[in-house]
Amino acid sequence: MSQGAVDQGFEPDAIVVGSGLAGLVATYEATRAGKRVLVLDQENRANLGGQAFWSLGGLFLVDSPEQRRMGITDSFELAWQDWQGSAGFDRVAPDGDGTPGQDHWARQWAEAYVRFAATEKRDYLRALGLKVLPFVGWAERGRGDASGHGNSVPRFHLTWGTGPEVVRVFLEPVLAAEEAGLVRFGFRHRVDELVVADGAVVGVRGAVLEPSTAERGVASTRVETGTFELRAPAVVVTTGGIGHNHQLIRDNWPADRLGPAPQHMISGVPAYVDGRGLGIAEAGGARLVNSDRMWHYTEGIHNWDPIWPDHAIRIIPGPSALWFDATGQRLPAPNYPGFDSLGTLATIGATGYDYTWFVLTQSIIEKEFALSGSEQNPDITGKDIKVMLKARLAKGAPAPVEKFKTDGKDFVVADTLESLVAGMNAVVAADAPARGPELDVDVLRRQIEARDAELDNGFSKDFQLMAVNNARRSRTDKLIRVAKPHKVLDPEHGPLIAVRLNILTRKTLGGIATDLSSRAISASGAVVPGLYAAGEVAGFGGGGVHGYNALEGTFLGGCIFSGRAAGRAIAAG
C-alpha cells in the first residue's frame, strides 16, 4: 500500500472526501471544536474550493437589510411559500414497503434552510468577512402563478468578490488549522471505496494519482501510482454532482418531464465533477434519492477561451430579449429570459431541437447581459469598486460580454434583420451535421414587428412587455438590469444581435439522503454509522432540498448549510 502524500502519523477524527465548498465548511466547523480532519481530493492543491470558485457567488437571503433598503418586503413565510411552490415535494409519504419517502428528509431540510436564509445566514457569513453588493437581483421570476414556481420578490444577493470570496472566507481558517496541525490534505488521492466494518463506515480506500501541476479547472490525468487505505471514526462525502458526466446525466434524464435528453450539451462545470461519489456512497450503504431531479440551463454559450473540456458559460439575461426556437417561432408565455429555467427546458425539448435563439439590440445587451462565473466578472471578483462602476455604468456592455459578442461562435451581429438571419443560418450550417433547420426571415419579421407595434402606446397585450414593465418597478432592475422598452427593429438601438443558446449542464438536485445532521441514511431509513454527506452529492441537504426546481442563489448556500451541519455534528460527536 502506497502512503502517498498523507502523513500516516496523523490520526484524524474525520476524513472529508472532497475539498470543494461543502468540504471546506465541514472542515472549518470541525476544527473550530479542535477535531483533526484529513481532507482527500483527486485534484491538486490549486483546485481548493472546487466548483464554487468558478461561481458568480449568488446567495439567497430573505428579509435582508439590502432588500429593505431597495424597498423590497420579504419574509420567511413568503419565501417558504415560494420554495414549496417551486419544489413540489410529492414524495414525502412512505413507499409501499414502509421506507421513508424520497422527500421525507428533503422537505425538512428545505424548511430549515429557508429559515436559515431568513435569520442567521447573513450574520454567519459576515462574521467570516463576506459581504454582498447593495443591489438585489430578481432571479427565477417564475411561471406567473402566485402559489407556483418562482421568487415573488428579488432575493439574489451577489457576493462582493464572487465565488473566490465565498471560498476564501472558509479556506483561510482551514489553512490556518493546517498550520496548527489540525488539518492534513491528501491531494491526488482518489477515493474509490468506503471501508465498512460491522455495518459502520470506518474509512476509505482508493488510488494515489500521479502528481499534477495543472492549473485550476484544467482536466488532470488519472494515471495511478499506488493505493491507500485510511481510517477515521467519521467520513464526510462532499464530492459534488454529475454536471460534467454527460452519460450519467442522460442515464437519469427525466424524459417524462423535460422531453428527450439533448444531443448536444456543453459543460458548465469542470471535468472533475464526475458523479463518482454517488455510486461510492451507495455501495457503502447510503440511499440515493431523487436521481431524476437535475438543474440545467437553457442559455449556454460555447466559451471562446475554454478552461475545461466543452466549457460553457451561461448568459444571465434580463427579461427583454425575444426568444425563438430553432424553427424561428417565438417561445410561448411564460418562457421569458430569467423566468422558469426547467419549464423553458421542457418547452425546448418539445420542439425536437436542442438549441434556441435570443434576438435583441445593442441597447438590451449593454444593460441586460451578464455572464455567469467569477472569471467573467473581473471587476466584482477583484473587488475593485472604481473598475466596477466604470464597467457597469459606462456606455457599452461589460468587456467580457463584448468579447463574446466579437469572438463567440454563437453570436451574430448585423445592421438589418435580413443579414442577421443570414448569419444565424450560417451558424447552424457550420455544425456538421447541421443541428437544425434554416430560418425564414419573413417568419421572424412578422413576430418582431407585431411585438414592436405593442410599443406604440402605453398599453399592451404582450405578456413579455408586461413582465418587463413589472421588472422595472424594482430599483435594481430599473437602474442597472433592465433596458427601457424599445422597438427591436429601431435602428437607433442597433445593431441587431442574435445568440444561439445551448443546453448547459450544471447541478444535481437529488443525491444521498441525509438527516438534519448530514448523517447518511440507508435504504431502510436508518442512519449509516460513521457516514456523512454534504453539498451537491447530498442534493444540497436531505437528498434534494430543492425538490424539482431551484430559486437560484441557493446552491452555494446549500453547500454552506449542509457542510456546516456535518462539521458541527462531528464536532459534537
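**Exercise 1. A residue between two strands**

Task: In which loop is the place of Arg-188, and is this residue buried or exposed?

Solution. Arg-188 has its place in the loop between β6 (183-187) and β7 (189-197). Strands (E, at least two residues) and helices (H or I, at least four) are DSSP runs, numbered from the N terminus. The model is predicted: local features need pLDDT of at least 70, side-chain atom pairs count only at pLDDT 80 or more, and totals for chains, interfaces and linings use all residues. Residues are numbered from 1 along each chain as its sequence is written, and side-chain values use heavy atoms, with hydrogens and water left out.

The relative accessible area of Arg-188 is 4%, so the residue is buried. Buried means under 20% relative accessible area, exposed over 50% and partly exposed in between, with a 1.4 Å probe and protein chains only.

**Exercise 2. Backbone angles**

Solution. Most residues other than glycine have a negative phi, and most peptide bonds are trans.

- Glu-140 lies in the loop between β4 (132-137) and β5 (156-159). Its relative accessibility is 3%, so Glu-140 counts as buried.
- Pro-433 belongs to the loop between α15 (417-429) and α16 (441-453).
- Pro-495 is in the loop between α18 (475-481) and β19 (496-508).

**Exercise 3. The surroundings of Gly-338**

Task: Which residues are in contact with Gly-338, leaving aside its neighbours within four places in sequence?

Solution. Gly-338 is placed in the loop between β15 and α10 (341-351). Because its relative accessibility is 14%, Gly-338 counts as buried. Contact means heavy atoms within 4.5 Å. With the sequence neighbours left aside, the contacts of Gly-338 are Ala-139, Glu-140, Arg-141, Glu-299 and Pro-317.

**Exercise 4. Aromatic rings**

Task: How many aromatic pairs are there, and what is the geometry of the pair Trp-323 and Phe-358?

Solution. Rings of Phe, Tyr and Trp (its six-membered ring) pair if their centres lie within 6.5 Å; planes under 30 degrees apart count as stacked, over 60 as edge-to-face and the rest as tilted. The count by this rule is 21 aromatic pairs. In the pair of Trp-323 and Phe-358, the centres are 5.0 Å apart with 70 degrees between the planes, and the pair is edge-to-face. Trp-323 is part of strand β15 (residues 322-325) and Phe-358 of strand β16 (residues 355-361), so the pair ties together parts 35 residues apart in sequence. Trp-323 and Phe-358 are both buried.

Ring pairs also link a cluster made of Tyr-28, Phe-60, Trp-83, Trp-109, Tyr-113, Phe-116, Tyr-124, Phe-170 and Phe-561.

**Exercise 5. Charges over rings**

Task: Over which rings do Arg-216 and Arg-293 lie?

Solution. A charge sits over a ring if NZ of Lys or CZ of Arg is within 6 Å of the ring centre and within 35 degrees of the ring normal. Arg-216 lies over the face of Phe-53, 3.8 Å from the ring centre. The charged end of Arg-293 is over the ring of Tyr-548, at 3.9 Å from its centre.

**Exercise 6. Two helices**

Task: Describe how α4 and α19 pack and which residues meet.

Solution. Helix α4 (residues 104-118) and helix α19 (residues 555-572) pack at about 105 degrees, with axes 11 Å apart. Axes are lines fitted to C-alpha atoms, for helices over the stretch in contact, and angles run from 0 to 180 degrees between N-to-C directions. The two helices are therefore roughly perpendicular, the term for 65 to 115 degrees.

From α4, Trp-109, Ala-112, Tyr-113 and Phe-116 meet Gly-557, Gly-558, Phe-561, Ser-562, Arg-564 and Ala-565 of α19. Ala-565 has 17% relative accessibility and so counts as buried.

The loop between β22 (527-533) and α19 holds Thr-554. At 0% relative accessibility, Thr-554 counts as buried. Not counting residues up to four places away in sequence, Thr-554 touches Phe-60, Trp-83, Tyr-113 and His-546.

Note on methods
Parallel < 35°, antiparallel > 145°, perpendicular 65-115°, else oblique.
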